[in-house]
Amino acid sequence: MRMIKSAVVLGLAAGIGFAGTIAQASDDPIATRQAIMSSVGAAAGLGGGLMKGEIAYSPAAGKAAIATMRAASLSFGDFFPAGSDQGNTGAAAAIWENPDGFSAELAKFAEATAKASEASGKDGPADVEAFKAAMGPVFGSCKSCHETYRKKN
């Protein structure tokens with residue numbers, strides 16, 4: 001039970017941290033993008049742990065991961081103004097070279113998170129299989145976008 005509570009707290013803290021960091025970093029689009037991606041990374045870690053059975057599944061933990069991804073999908077695209085391709089960023093030049101393609105990827109992310117949020121209902125997906133069905137397409141959209149629009153290490 002302690003593991004479940006820890007997972008829920010982690011997910012909720014990621015979402016709360018996301019909101020607070022956005023307010024502080026709104027004048028720095030790179031820092032804002034990094035804050036959003038940090039929250040997405042925390043939610044992905046929680047979600048992946050739930051899917052793999054490394055974290056005991058609870059509907060609240062599933063809901064926290066989905067809600068964090070949903071919040072990111074609604075705001076992330078707003079922080080790529082011209083000139084924010086320079087500096088300490090993992091954003092690839094393809095974002096500015098192919099803005100329509102990037103917008104299409106962002107739309108896929110928003111659509112996947114909207115469906116996951118709807119499927120999770122008020123209390124979160126009932127079991128891990130329902131969570132996997134909801135979150136799988138979200139993870140797929142992340143992977144698809146990163147293949148083209150994230151710098152390769």
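**View 1. Contacts of Ser120.** Ser120 touches Lys63, Ile66 and Pro125, leaving out residues up to four places away in sequence. This is a predicted model. The Ser120 side chain makes a polar contact with the side chain of Lys63, at 3.3 Å. Ser120 belongs to helix α5, which covers residues 99-120. Its relative accessibility is 3%, so Ser120 counts as buried; the cut-off for that class is under 20%.

**View 2. Glu118 in helix α5.** Is Glu118 buried or exposed? Glu118 lies in helix α5. Its relative accessibility is 70%, so Glu118 counts as exposed; that class begins over 50%. From Glu118 to Ile66 the C-alpha distance is 9.8 Å. In sequence, Glu118 and Ile66 are 52 residues apart.

**View 3. Helix α5 and its buried residues.** Helix α5 has 22 residues. From first C-alpha to last, α5 reaches 31 Å, close to the 32 Å expected at 1.5 Å a residue. Its buried residues are Gly101, Phe102, Glu105, Leu106, Phe109, Ala110, Ala112, Thr113, Ala116 and Ser120. An α-helix has 3.6 residues a turn, so residues three or four places apart point the same way. Which helices do the buried residues of α5 pack against? They pack against α3 (59-75), α4 (94-97) and α6. Just after α5 comes Gly121, with a positive phi of about 65°.

**View 4. Val40 in helix α2.** Val40 is found in helix α2, which covers residues 29-52. At 7% relative accessibility, Val40 counts as buried, because the class takes in values under 20%. Val40 is in contact with Met69 and Ala72, leaving aside neighbours within four places in sequence. The C-alpha atoms of Val40 and Ala71 are separated by 9.3 Å. Along the chain, Val40 and Ala71 are 31 residues apart.

**View 5. Helix α2 from end to end.** Helix α2 has 24 residues. At 1.5 Å a residue, α2 should span 34 Å. The end C-alpha atoms of α2 are 34 Å apart, which agrees. Gly53 follows α2. The phi of Gly53 is positive, near 80°.

**View 6. The largest pocket.** About 460 Å³ of space lies in the largest pocket. Its lining has 24 residues. Which of them are closest to the centre of the pocket? They are Met37, Phe76, Phe80, His146 and Arg150. Helices α2, α5 and α6 (128-149) each supply at least two residues of the lining. The largest share, seven residues, comes from α2. By class, the lining has 15 nonpolar, six polar and three charged residues.

**View 7. The whole chain.** How many helices and strands does the protein have? There are six helices and zero strands. From the N terminus on, the elements run α-α-α-α-α-α. The protein has 153 residues, and buried residues make up 41% of them. Take the contacts with a separation of 6 or more: residues 24 or more positions apart account for 80% of these.

Key:
Residues are numbered from 1 along each chain as its sequence is written. Side-chain values use heavy atoms; hydrogens and water are left out. Helices (H or I, at least four residues) and strands (E, at least two) are DSSP runs, numbered from the N terminus. Buried means under 20% relative accessible area, exposed over 50%, partly exposed in between (1.4 Å probe, protein chains only). A polar contact is a pair of N or O atoms within 3.5 Å; within protein, one must be able to donate a hydrogen and the other to accept it, and residues adjacent in sequence count only if both atoms are side-chain atoms. Contact means heavy atoms within 4.5 Å. On a 1 Å grid over the protein atoms alone, a cavity is a set of points where a 1.4 Å probe fits but cannot get out, and a pocket is an open set with protein on both sides within 12 Å along at least five of seven lines; lining residues have an atom within 4 Å of a point. Grid points are joined across faces, edges and corners, and a volume is the space filled by probe spheres set on the points. Ala, Val, Leu, Ile, Met, Phe, Trp, Tyr, Cys and Pro count as nonpolar, Asp, Glu, Lys and Arg as charged, and the others, Gly among them, as polar. The expected span of a helix is 1.5 Å times one less than its number of residues.
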